[in-house]
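Subject: Structure handover

Hello,

Here is the structure you will be taking over. My notes on it follow below.

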Amino acid sequence: MAASATAVRIRHDLHTRLVQARTKTDELFGVVREEAMYERPIPERHRIIFYLGHVESFDWNLLAQRAFGLQSTQRTFDELFAFGIDPVGGGLPNDVPGDWPEREEVDRYNHRVRSELDRAIEKALLRPEEGHPQLIAMLEVAIEHRLMHAETLAYMLHQMAPSKKIRGPIGTTAGARRLKSRLVDIPEGRATLGLRSETGEEFGWDNEHEAHEVEVAGFAIDHGNVTNQDFLRFIQAGGYEHKALWSAEGWDWKEKEGVGHPGFWKRDGNLWMYRAMFGEIRLPLDWPVYVSHAEASAYAKWLGRKLPTEQQYHRAAYGTPDGWEERTYPWGEERPSKKHGNFDFQQWDPAPVGSHPEGTSAFGIHDLASNGWEWTRTTFAPFPGFKSMPFYPGYSANFFDGKHYVMKGGSPRTAACMLRRSFRNWFQPHYPYVYATFRCVED
């Protein structure tokens, strides 16, 4: 009887979570004024209209034929909206707005896709043991894929002029108390990376497998993220002009693109302004700085330090002083809630560093799963025992190219389900639009 009740709950949760994830992306598209739907806020990415169709076509292409035997009635759209882009080293898209369908056509396509899939999902989840053996995993993929886009769409819309968005709240630092920066010593100990496939109790993407333990030597790490004020000192010291601080590739990118400050900053005469989601504000000095991997690495080198490895992040975030016990989340075993940090779509913008003391790790380190993804110096690569997902083989494998770096933690627009210890994000080192911050270590 208990097993049956659990199965019913799982079925209900999956469909409910999918509907809730749709609500998140619907809310984001609702921020965009109709006349701006064909804008391309980030040169390396598709126009907004693509993503309106993509989140639905992805679900259809993943589930329709493979899981339910449904036949397409609009294959052109299935293919047009199938794949995003991640150009490395040039090759920017050159399409024009007229190359894309009218908004009304896309809306009709989306409505049909949702309706057909909903009927099929409800029917299949009544007897999941009789359906596709990987149906549950595929639904988890559909949910998390959409929630990922709820975040990537947010940072895309962040780059749009406020006049092209329906106005929302502008961030504030009123009443915040600045966290004083210092290093925390982390003794040597064990870190467990990844998920164990044999348990099957928790969903994880293919790059999260297989779980393995590593021994991490002692190191020291910043107990808070680098703030805008900290990074301003780097700029004032001429950090963007000192070639020795940059990798060869980072320097070439900086020079070619004319990068002289973080992408979320703007100079207004003698003032530094910050591009909040719905308007410009005076630079909040106590917010975490959002920068590319190249900029974070240059700052760390300026201090004679480094970015942490993925293993060091795990040890600092989930480890304990005894070296053996590990936590599920930095703060312990309690499920994520707003008292633990700035995540799960609570805000459009960051909060001051150290605003959530109840979310600190066992070592007293702040914001390790909150307020901004954390760059590491670890190249994105497979764990031992890696196997591609058979129904989405290129999700991770296409990016094991030595040109992407692991990010850990989560941002204000990261869904709570992706705060799990094993989750791995990754991006190119010269991509300044992500909600990504960093902290430094001394080995």
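An open sheet is formed by 3 strands in the order 5-6-7, with antiparallel pairing. Strand 5 (265-268) and strand 7 (279-282) are at the edges with a single partner strand each, so one side of each has no neighbour in the sheet. From one strand to the next the twist averages 40°.

The model is predicted, so local features need pLDDT of at least 70 and side-chain atom pairs count only at pLDDT 80 or more, while totals for chains, interfaces and linings use all residues. Residues are numbered from 1 along each chain as its sequence is written, and side-chain values use heavy atoms, with hydrogens and water left out.

Some terms used here: helices (H or I, at least four residues) and strands (E, at least two) are DSSP runs numbered from the N terminus. Two strands pair if DSSP finds at least two bridges between them. Axes are lines fitted to C-alpha atoms, for helices over the stretch in contact (heavy atoms within 4.5 Å), and angles run from 0 to 180 degrees between N-to-C directions.

Back to the sheet. Strand 5 pairs with strand 6 (residues 271-276) in the antiparallel sense over 4 bridges; Asp 268 has Leu 271 of strand 6 as its bridge partner. Helix 6 (residues 228-236) lies across both strand 5 and strand 6, at about 60° to strand 5.

Strand 1 (residues 183-186) and strand 4 (residues 219-222) also pair in the antiparallel sense, over 4 bridges. Leu 183 has its bridge partner, Asp 222, in strand 4. Val 184 and Ile 186 make up the covered face of strand 1, Leu 183 and Asp 185 the uncovered one.

Among the helices, helix 2 (residues 48-68) packs with helix 4 (residues 103-126) at an angle of about 30°, the axes being 9 Å apart. The two are therefore roughly parallel (angles under 35 degrees; over 145 is roughly antiparallel, 65 to 115 roughly perpendicular, the rest oblique).

Leu 135 belongs to helix 5 (residues 135-158). Leu 135 is buried at 3% relative accessible area (buried is under 20%, exposed over 50%, partly exposed in between, with a 1.4 Å probe and protein chains only). Leaving aside residues up to four places away in sequence, Leu 135 touches Leu 63, Ala 67, Phe 68, Ala 124 and Leu 125.

Finally, the cysteines. Cys 440 is buried at 0% relative accessibility, and Cys 417 is partly exposed at 29%. The whole structure has 0 disulfides (pairs of cysteine sulfur atoms within 2.5 Å).

Regards
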